[in-house]
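Welcome! Let us walk through this structure together, one part at a time.

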Amino acid sequence: MARNLGPGPIHRSETESSAAPVAAKGGRDFGASNLARPLAGLATVVAIALVVALAIGAFAGGYATTVPVTVISQRAGLVMNPDAKVKLRGVEVGKVDSIEQRPDGTAALHLAMDPSRLRFIPANVHAQIASTTVFGAKYVQLDAPPDRSAATLRAGQVIQGDHVTVEMNTVFQQLTDVLDTIDPVKLNQALGAIATAFNGRGAKIGQTLTDFNSLLAKLEPSLPALSHDIEASTPMLNAYADAAPNLVQMVDNSTRLSDSIVDQQQNLDTFLLSAIGLADVGNDVIGSNEQGLADVVHLLAPTTDLLNKYHEAAWCGISGLIPLAKAPPLPVPGAIVDASFLLGSDRYRFPSNLPKVAAKGGPQCTGLPRVPFQGRPPYVVADTGANPWQYGNQGILLNSDGLKQLLFGPIDGPPRNAPQIGQPG
């Protein structure tokens, strides 16, 4: 390309090219560069939206791991909403996930507890629904008892609520119900009667209050003793409470007895007159025979003392006769005798076997009243003058002297019986 460098206007040489710009030439495409900037902007917007969504979810707790716990309360409260806080000693340990109204009128608060806080909460924790102010929103307050257990709160545990803070609107509602029940006319009349009663009696009422204050001042030193008496009377009142049904039954029976006495008063008068007549006759009989009765009682004293001493033996003997009295009758009329031959006892000896009353040793039942089958009571050896087993001869005694007389004829001298040598007779 030739240019004129001299002075004067510059003129384009005839050989200078008049071609179009490079971008306008065919065969070249720059569209990819034009889409990069929109895609970069779109990615930036999506990233920002994702960051905002993550921040909102993290703030709402949607990505946090929670442990379910249920609180059963009398009611949830009027300002108890989901996402309400759950606190332990002022520290937030969870939130209310949902509130369920149960068919029995109670409320079930499903809590979402922070799993990292469960190790600080004992298993026997108490729950109550409280509020920061009278009109403030409710929250669940967890209270650890003094005797806290070693186990900690676990997932799915059910806690029984102890208390629900009373709302002011509940108080207003109850007051409104009371005012709706009261008749305004009757209320006006009652207030007017009270005003009339107090009108002009201010001095007397003041004096009454002063006297009552003085009375309370005198009673105040005795309050500890009165409190102790009330505490000491608790067992007595409990005893009366336990015996109340019996006391009421006794009063009822007394009422019936009184009614019976009233209905039978004529017969009762007759009975009392007869008793008075019998008492008069008895006074005459006993009074006229006073000395004789006294002598009889004195004479019976040794007998009664003896019977009292041997009453156990007498009871054994009489009890032994009861089986005979209750035994079935004999199959045929008559008597059944069981006879047999027994070895003879020792012969009677005079005067050692003379009967006498000198037995001692007290009462003895000796197996009575129940003697076993094929058994017999033992023989009691006593100083009565008779003892068939004194010499131990309970078997057959051989008369050696009679045998000698039979074999050898009469032998001079007194008879000799070897088993009885040295014995009397």
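A salt bridge, as the term is used here, is a side-chain nitrogen of Lys or Arg within 4 Å of a carboxyl oxygen of Asp or Glu. This is a predicted model, in which local features need pLDDT of at least 70 and side-chain atom pairs count only at pLDDT 80 or more, while totals for chains, interfaces and linings use all residues. Residues are numbered from 1 along each chain as its sequence is written, and side-chain values use heavy atoms, with hydrogens and water left out.

With that rule, the count comes to two salt bridges. In one of them, the side chains of Lys-356 and Asp-383 meet at 2.9 Å, N to O. Lys-356 and Asp-383 both lie in the loop between α8 (311-326) and α9 (400-408), so the pair ties together parts that are 27 residues apart in sequence. Helices here are DSSP runs of H or I with at least four residues, and strands are runs of E with at least two, numbered from the N terminus.

How open are these two residues? Lys-356 counts as partly exposed at 45% relative accessibility, and Asp-383 is partly exposed too, with a relative accessible area of 39%. For these words, buried means under 20% relative accessible area, exposed means over 50%, and partly exposed is in between (1.4 Å probe, protein chains only).

The other salt bridge joins the side chains of Arg-256 and Asp-252, at 3.4 Å from N to O. Both residues belong to helix α5 (residues 223-263), where they sit four residues apart, about one turn of the helix. Arg-256 counts as exposed because its relative accessibility is 54%, whereas Asp-252 is partly exposed, with a relative accessible area of 30%.

Now look at helix α7 (residues 290-309). Its 20 residues reach 28 Å from the first C-alpha to the last, close to the 28 Å expected at 1.5 Å a residue; the expected span is 1.5 Å times one less than the number of residues. Where does α7 have a kink? A kink of about 35° lies at Ala-301, shortly before the proline Pro-302. The bend at a residue is the angle between axes fitted to the seven residues ending there and the seven starting there. Helix α7 is also hardly covered, as the count of buried residues among its 20 residues is zero.

Next come the strands, which pair if DSSP finds at least two bridges between them. Strand β5 (residues 126-131) pairs with β6 (residues 138-143) in the antiparallel sense over six bridges, and Ser-131 stands opposite Lys-138 in β6. Strand β5 also runs parallel to β7 (residues 158-164), joined by three bridges; here Ile-129 stands opposite Val-164.

Finally, turn to a nonpolar surface patch of about 720 Å², made by Leu-175, Val-178, Leu-179, Ile-182, Leu-187, Leu-191, Ile-194 and Phe-198. Patches are made of residues with over 30% relative accessible area and no salt bridge; like charges are joined within 9 Å, and nonpolar side chains (Val, Leu, Ile, Met, Phe, Trp, Tyr) within 5 Å. The accessible areas come from the Shrake-Rupley method with a 1.4 Å probe, and for residues only the protein chains shown count as cover. Helices α2 (168-181) and α3 (184-198) each supply at least two residues of this patch, and α3 gives the most, with four. Ile-194 has its place in α3 and is partly exposed, with a relative accessible area of 44%.
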